[in-house]
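Reader: Hi! Could you walk me through this structure in plain words?

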Amino acid sequence: MSGHLPVMLAEVLEMLKPRDGARYVDGTFGGGGYASAILEAADCSVLGIDRDPEAIERGKALVERFGGRLTLVQGEFSRMDEFVQASNAKGIDGVVLDLGVSSFQFDQPARGFSFREDGPLDMRMSLSGESAADVVNGADERTLIQIIARYGEEKNARRIARAIIAARPISGTAQLAAIVSDAQGPAALRLAIHPATRTFQALRIHVNDELGELERGLDAALNILRPEGRLVVVSYHSLEDRMVKHFLSERSTSAPRASRHAPASTPAHRPMFKLLTTRPMTPSAAELTSNPRARSAKLRAGLKLAA
Ligand SMILES: C[S@@+](CC[C@H](N)C(=O)[O-])C[C@H]1O[C@@H](n2cnc3c(N)ncnc32)[C@H](O)[C@@H]1O
């Protein structure tokens, strides 16, 4: 199995600015690419969180290598405030989130994230709870349409949902990919992406409650960051990027007043962040050549302001 190439690592470090004595949370530890680079950049410590037990198991070698400066916890990053409290840390100097799945997960057919090779319809990052097979074989038509349209931004959601229901039971990723492709018709073959890409993305987001996690995770990060602490988020599709963008801009000094009719002296709210990126950063041309999986990455960052 191949490893995971960290995406936009130089930009993440530029925004996070690791320094000696500081404490960081890497909410999406994955292959430990970001965590290792942060620990190598300064004499600091990192709490690494991942909901995937396999990522935590693989990370044990790094825990040993960094001799007490790296701690790992298995769980959701939406619970990072709870994990930080349990580790007795007072304030956190930086939180980094690199959303989605790692190459370790994606490239393993048994995890069911990819349609490139056949595998079971699983898609659970945590290896527990409702699987993609449960959703595909159990959800009613309306629910399937909602999932595929909302999380996949797929305009053929109705047609795809009907084809899925007609073909049940569906057991593998290759079977599902073929059903979705057929349902899209020949026009979909001219798309730049595989016709099943959006449906697979939708199921993965639903199975892992990725948008709910992100919403709660951003709030939790805000709670644990100390003033001058930095939040850095790398996202891979527009639904996530929009959430991060709004979270930061609504809480930043540049946020507009709630209403244009409100008096100029009435701020919409107390600013909590200074934007470090007014526009999202994207990968360099060189990175895109060496790592095509970075192609949709967008990085946004903010600096927490004193209360
Ligand atoms: C893109 S990878 C991170 C790669 C990492 N930055 C590196 O350099 O190796 C995303 C990782 O975050 C984990 N993850 C995604 N959502 C999560 C969540 N809500 N809570 C905890 N871990 C999550 C996934 O299991 C996966 O291992």
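Reader: Great. What should I know before we start?

Author: This is a predicted model, where local features need pLDDT of at least 70, side-chain atom pairs count only at pLDDT 80 or more, and totals for chains, interfaces and linings use all residues. Residues are numbered from 1 along each chain as its sequence is written, and side-chain values use heavy atoms, with hydrogens and water left out.

Reader: Okay, the ligand. How many residues surround the ligand, and which are the closest?

Author: The ligand is surrounded by 24 residues, and the closest are Asp-50, Phe-77, Asp-98, Gln-105 and Glu-213. A residue is near a molecule if one of its heavy atoms lies within 4 Å of it.

Reader: How does that shell divide into nonpolar, polar and charged?

Author: There are seven nonpolar, 11 polar and six charged residues in the shell. Ala, Val, Leu, Ile, Met, Phe, Trp, Tyr, Cys and Pro count as nonpolar, Asp, Glu, Lys and Arg as charged, and the others, Gly among them, as polar.

Reader: Which polar backbone atom is 2.9 Å from a nitrogen atom of the ligand?

Author: That one belongs to Phe-77. On the oxygen side, a ligand oxygen is 2.9 Å from a polar backbone atom of Gly-31, and a ligand oxygen is 3.2 Å from a polar backbone atom of Tyr-34.

Reader: How much of the ligand does the protein bury?

Author: Taken alone, the ligand exposes 610 Å², and the protein buries 98% of that. Accessible areas come from the Shrake-Rupley method with a 1.4 Å probe; for residues, only the protein chains shown count as cover.

Reader: Switching topic: what's up with helix α12? Why is it called largely enclosed?

Author: Because 11 of its 15 residues are buried, helix α12 is largely enclosed by the rest of the structure. Buried means under 20% relative accessible area, exposed over 50%, and partly exposed in between (1.4 Å probe, protein chains only). Among the buried residues of α12 are Glu-213, Leu-214 and Gly-217. Glu-213 also came up as one of the closest residues to the ligand.

Reader: Nice. Which residue meets Asp-93 in a salt bridge?

Author: Arg-226 does, at 3.0 Å from N to O. That pair links distant parts of the chain, with Asp-93 in strand β4 and Arg-226 in strand β5, 133 residues apart. Asp-93 is buried, at 7% relative accessible area, whereas Arg-226 is partly exposed, at 36%.

Reader: What about Asp-122 and Arg-124: buried or exposed?

Author: Both are buried. They form a salt bridge, with the closest N and O atoms 2.8 Å apart.

Reader: Last one: which residues are linked in a network of salt bridges?

Author: Arg-51, Glu-76, Arg-79 and Glu-82 are linked that way.

Note on methods: A polar contact is a pair of N or O atoms within 3.5 Å; within protein, one must be able to donate a hydrogen and the other to accept it, and residues adjacent in sequence count only if both atoms are side-chain atoms. Helices (H or I, at least four residues) and strands (E, at least two) are DSSP runs, numbered from the N terminus. A salt bridge is a side-chain nitrogen of Lys or Arg within 4 Å of a carboxyl oxygen of Asp or Glu.
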